[in-house]
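The sequence and the structure come first.

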Amino acid sequence: MANKEIPYKIYLDESEMPTAWYNMRADMKEKPAPLLDSKTLQPASIEMLSQVFCKELAEQELNDTDRYIPIPEEIRNFYKMFRPSPLIRAYYLEKKLGTPAKIYYKFEGNNTSGSHKLNSAIAQAYYAKKQGLKGVTTETGAGQWGTALSMACSYFDLDCKVFMVKVSYEQKPFRREVMRTYGASVTPSPSTTTEIGKKILAEHPGTGGSLGCAVSEAVECAVTNEGYRYVLGSVLNQVLLHQSVIGLETQAALQKYDIKPDIIIGCAGGGSNLGGLISPFVGEHLRGEANYRFIAVEPASCPSLTRGKYAYDYADTGMICPLAKMYTLGADYMPAPNHAGGLRYHGMNTSLSLLREQGILEAVSYKQTEIFEAAEQFARVEGILPAPESSHAICGAIHEALKCKETGEEKTIVFGLTGTGYFDLVGYQRFNDGELEDYIPTDEELAKALNKLPKVD
């Protein structure tokens with residue numbers, strides 16, 4: 001189909017929304033290694049996971065056989081407030097770059113949380129309410145997940161306790177206030193309100209925290225408060241399952257105009273948006289129906305996929321959660337306080353880690369000054385101020401488009417624009433003032449944390 005026939009924005013109508021989540025693990029011949037109980041090192045059971053998570057979410061976490069899992073009607077109805085989200089052709093970015101590549105982005109920032117996180121937040125709140133719980137606890141990095149969960153809990157009249165990575169708590173006060181407006185309590189992590197938080201502060205005085213720290217505190221809070229369960233915004237397979245609505249809608253929008261992508265790109269922290277975007281396309285790839293390049297883009301300051309080790313590790317800094325076989329920098333690794341708070345996690349989802357190990361998923365990393373340069377370039381021509389996390393995918397797309405300019409290849413690139421950056425203006429201010437610094441950990445720093453990986457046969 002000729003370019004002129006493709007609209008700037010490709011919309012689906014409500015009748016074209018997914019009615020079931022896609023479970024990529026069902027199409028993986030080699031399944032991700034099982035989660036292990038942190039005490040016994042035996043595969044985690046539904047019963048064990050149900051002590052921390054809602055029971056149905058625990059079942060989803062361990063389900064690697066059902067290709068599709070129906071989306072409950074109440075969740076689908078909530079989705080209609082902000083879904084389907086548009087797939088946008090980046091005509092102006094293409095023109096600015098002078099590339100023959102065709103660039104599309106799936107925009108997930110068209111809701112109050114400002115990101116894709118609401119797709120899973122409403123699902124997890126739904127299952128918590130269905131189970132009759134009082135409330136839930138969670139962590140948040142840049143604040144998108146905490147904002148989304150506070151919205152979802154407000155909708156279902158659930159209490160919401162959020163542990164926010166301290167550096168983001170300080171850098172993004174307005175994101176914090178949105179959470180409080182929706183009724184959540186927000187605590188900077190590591191904190192003195194949990195035993196794990198006190199221990200981390202003693203070992204790392206003055207630390208800006210990490211997602212791993214905040215996870216530990218949120219889990220401790222959940223298991224020590226009756227009627228509460230822990231919910232997570234990324235990393236887990238259940239989250240990738242819920243986020244598959246992104247990829248399913250993208251797939252449907254592309255098929256509407258007979259567009260076949262060559263390269264699919266997402267930013268990578270714990271894996272939620274990356275996995276959600278690529279999973280239906282990975283399914284095609286695994287079934288031999290199509291061939292794509294999948295690229296994960298991560299911060300050079302927290303390079304789990306590009307410089308980490310594929311091994312069993314604790315999912316949290318406090319080492320109380322189950323062990324996961326994943327690409328990791330070590331649970332003890334403390335990332336530099338960059339402005340992409342949502343990507344400051346030491347590990348990666350187990351399914352995506354296996355795809356990386358198999359060579360199906362590629363990975364690159366960029367410095368934060370490169371990321372903000374890409375964000376600025378995108379904002380000036382496409383009219384959306386992107387979140388620093390999303391800007392990693394933008395940077396990756398620009399690099400691939402410029403390669404096409406060099407070779408003359410007319411490749412089609414699709415990337416995920418996970419959210420907006422209107423609460424990230426401190427980062428933009430520092431970039432505009434020339435004060436933004438790059439930090440790349442040395443091999444010695446990474447080795448220090450990796451040497452502490454648990455010994456698992």
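Q: How many bridges join β4 to β5, and in which sense do these strands run, parallel or antiparallel?
A: Strands of a sheet pair through backbone hydrogen bonds, in either a parallel or an antiparallel sense. Strands here are DSSP runs of E with at least two residues, helices are runs of H or I with at least four residues, and both are numbered from the N terminus; two strands pair if DSSP finds at least two bridges between them. In this predicted model, I88 has Y105 in β5 as its bridge partner. Between β4 and β5 there are three bridges, and the two strands run antiparallel.

Q: What do the residue numbers refer to, and which pLDDT limits apply?
A: Residues are numbered from 1 along each chain as its sequence is written, and side-chain values use heavy atoms, with hydrogens and water left out. Because this is a predicted model, totals for chains, interfaces and linings use all residues, whereas local features need pLDDT of at least 70 and side-chain atom pairs count only at pLDDT 80 or more.

Q: Which strands stand at the edges of the open sheet of seven strands?
A: The order of this sheet is β1-β4-β5-β15-β10-β11-β14, with mixed pairing. Each edge strand has a single partner strand, so one side of it is left without a neighbour in the sheet; the two in question are β1 (9-10) and β14 (361-366).

Q: Which residue of β15 stands opposite Y104?
A: The pairing of β5 with β15 is parallel and extends over six bridges. The residue of β15 opposite Y104 is V414.

Q: How many residues of strand β5 are buried?
A: In a regular strand the side chains alternate between the two faces of the sheet. Buried means under 20% relative accessible area, with exposed over 50% and partly exposed in between, for a 1.4 Å probe and protein chains only. On one side of β5, K102, Y104 and K106 are buried, and on the other I103, Y105 and F107 are buried, which leaves both faces covered. For β5 (residues 102-107), the buried count is six of six.

Q: Which residues is I278 in contact with, leaving aside its neighbours within four places in sequence?
A: I278 lies in helix α12 and counts as buried because its relative accessibility is 0%. Although I278 and F415 are 137 residues apart in sequence, their C-alpha atoms are 9.4 Å apart in space. With contact taken as heavy atoms within 4.5 Å, and with those sequence neighbours set aside, the partners of I278 are I264, F294, L352 and L361.

Q: Which residues of the largest nonpolar core touch the most other members?
A: A nonpolar core is a set of buried Ala, Val, Leu, Ile, Met, Phe, Trp, Tyr and Cys residues joined through side-chain atoms within 4.5 Å. The largest one has 73 residues, and those touching the most other members are W21, Y79, I278, F294, L352 and L361. The element with the largest share of this core, eight residues, is helix α5 (residues 118-130).

Q: What is the order of the open sheet of four strands?
A: Its edge strands, each pairing on one side only, are β8 (185-189) and β9 (228-230). Within this sheet, β7 (residues 159-165) and β8 run parallel and are joined by five bridges, and V162 stands opposite V186 in β8. The pairing is parallel, and the order is β8-β7-β6-β9.
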